[in-house]
Amino acid sequence: MDKFLKSNLNKKRMNKLDLVRIKLQVDKTLFSEHHIDSPQSALELLKEDIYDLDREVLMLLNLNIKNQVINATCLTMGTINSTIFNPKEIFKSALLSNASQIILLHNHPSGNIEPSTADLEVTHRIARLGNALDLKLLDHIIVGKDKVCYSIREKYPDYFFGSLHDLSKKDFESEIEKINNNIEMDFDLER
């Protein structure tokens, strides 16, 4: 094969562009058309999957505008006192599900359902990011043993309002820098 032809073939291979498709893959069906009207009703759906675990797990419920559950996903499984996640995973699942609202749930294997400072900071940050995407965080529920739970929304409703759009340019840039520098967020119940 002559040199010119080989050169053109190599250029075509370098300019190759793969067409990809991103979609949700259904793992198993757990429930359908369940209406969420309280932290307990959200917890009822996942109680078998989150109670009595020996490590922290962060789960997400994707909901439609009528508070009906579209699907649920386990975002991360951590250690006995923390779990690390990337906020992009929350929003990827919600956007691919065409959700208009979400609920986060995570457990505290120690049984202590009081939120850590990190739990509260993450909740506020995810709520603001979601509001900027028109994707409302309805609640962040901490699950303990013996079917007890703590609704961050019930105790700290102000954490669920505002968005990045409401910030001044300087504060917006600061918040984006925090998100970029601390993209993996850590729930730590022992703090």
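This is a short chat about one predicted protein model.

Trainee: Hi! What should I keep in mind before I start clicking around?
Mentor: Residues are numbered from 1 along each chain as its sequence is written. It is a predicted model, where local features need pLDDT of at least 70, side-chain atom pairs count only at pLDDT 80 or more, and totals for chains, interfaces and linings use all residues, while side-chain values use heavy atoms, with hydrogens and water left out.

Trainee: And what is the mean pLDDT of the chain?
Mentor: The mean is 80, and 71% of the residues reach 70 or more. pLDDT is the predictor's confidence in each residue, from 0 to 100.

Trainee: Where does pLDDT stay under 50?
Mentor: Over residues 183–191, for which the model has 42 contacts beyond four places in sequence. Contact here means heavy atoms within 4.5 Å. Where pLDDT is low, the predicted coordinates should not be read in detail.

Trainee: Okay, the fold then. How many helices and strands are in the chain?
Mentor: The chain has six helices and seven strands, in the order α-α-β-β-β-α-β-α-β-β-α-α-β along the sequence. Those are DSSP runs numbered from the N terminus, with helices (H or I) of at least four residues and strands (E) of at least two.

Trainee: What share of the residues is buried?
Mentor: Of the 191 residues in the chain, 41% are buried. Buried means under 20% relative accessible area and exposed means over 50%, with partly exposed in between, using a 1.4 Å probe and protein chains only. As for contacts with a separation of 6 or more, 70% of them join residues 24 or more positions apart.

Trainee: Let's look at H3. Which residues are buried there?
Mentor: Pro87, Ile90, Phe91, Ser93 and Ala94 are buried in H3. They cover an arc of only 160° around the axis, so they sit on the same side of H3. That arc is taken from the directions from the helix axis to the C-beta atoms.

Trainee: What does the face turned away from the buried side carry?
Mentor: The exposed residues Lys88 and Leu95 are on that face of H3.

Trainee: And what goes on at the start of H3?
Mentor: A side-chain oxygen of Asn86 comes to within 2.8 Å of the backbone nitrogen of Lys88. Just after H3, Asn98 has a positive phi of about 60°.

Trainee: Tell me more about Asn98. Buried or exposed?
Mentor: Asn98 counts as exposed because its relative accessibility is 65%. This residue is in the loop between helix H3 (87–96) and strand S4 (101–107). Most residues other than glycine have a negative phi, and most peptide bonds are trans.

Trainee: What about phi of Asp134?
Mentor: Phi of Asp134 is also positive, near 60°, in a residue other than glycine. Asp134 lies in the loop between helix H4 (117–132) and strand S5 (136–143), and counts as exposed at 70% relative accessibility.

Trainee: Switching to polar side chains. What does the side chain of Asn62 contact?
Mentor: Asn62 makes polar contacts with the side chain of Asn71 (2.7 Å) and with the side chain of Ser97 (3.4 Å). A polar contact is a pair of N or O atoms within 3.5 Å; within protein, one must be able to donate a hydrogen and the other to accept it, and residues adjacent in sequence count only if both atoms are side-chain atoms.

Trainee: Where is Asn62 found?
Mentor: In strand S1 (residues 57–63), where Asn62 counts as buried because its relative accessibility is 0%. Not counting residues up to four places away in sequence, Asn62 touches residues including Ser93 and Ala94, both of which are among the buried residues of H3.

Trainee: How about Thr83, buried or exposed?
Mentor: Thr83 counts as buried, at 1% relative accessibility, and is found in strand S3 (residues 82–85). Its side chain makes a polar contact with the side chain of Thr76 (2.6 Å). A polar atom of the Thr83 side chain also lies 3.4 Å from the backbone nitrogen of Gly78.

Trainee: Last one, I promise. What is Ile141 in contact with?
Mentor: Leaving aside neighbours within four places in sequence, Ile141 has contacts that include Pro39, Ala42, Ile103 and Tyr150. Ile141 lies in strand S5 and is buried at 0% relative accessibility.
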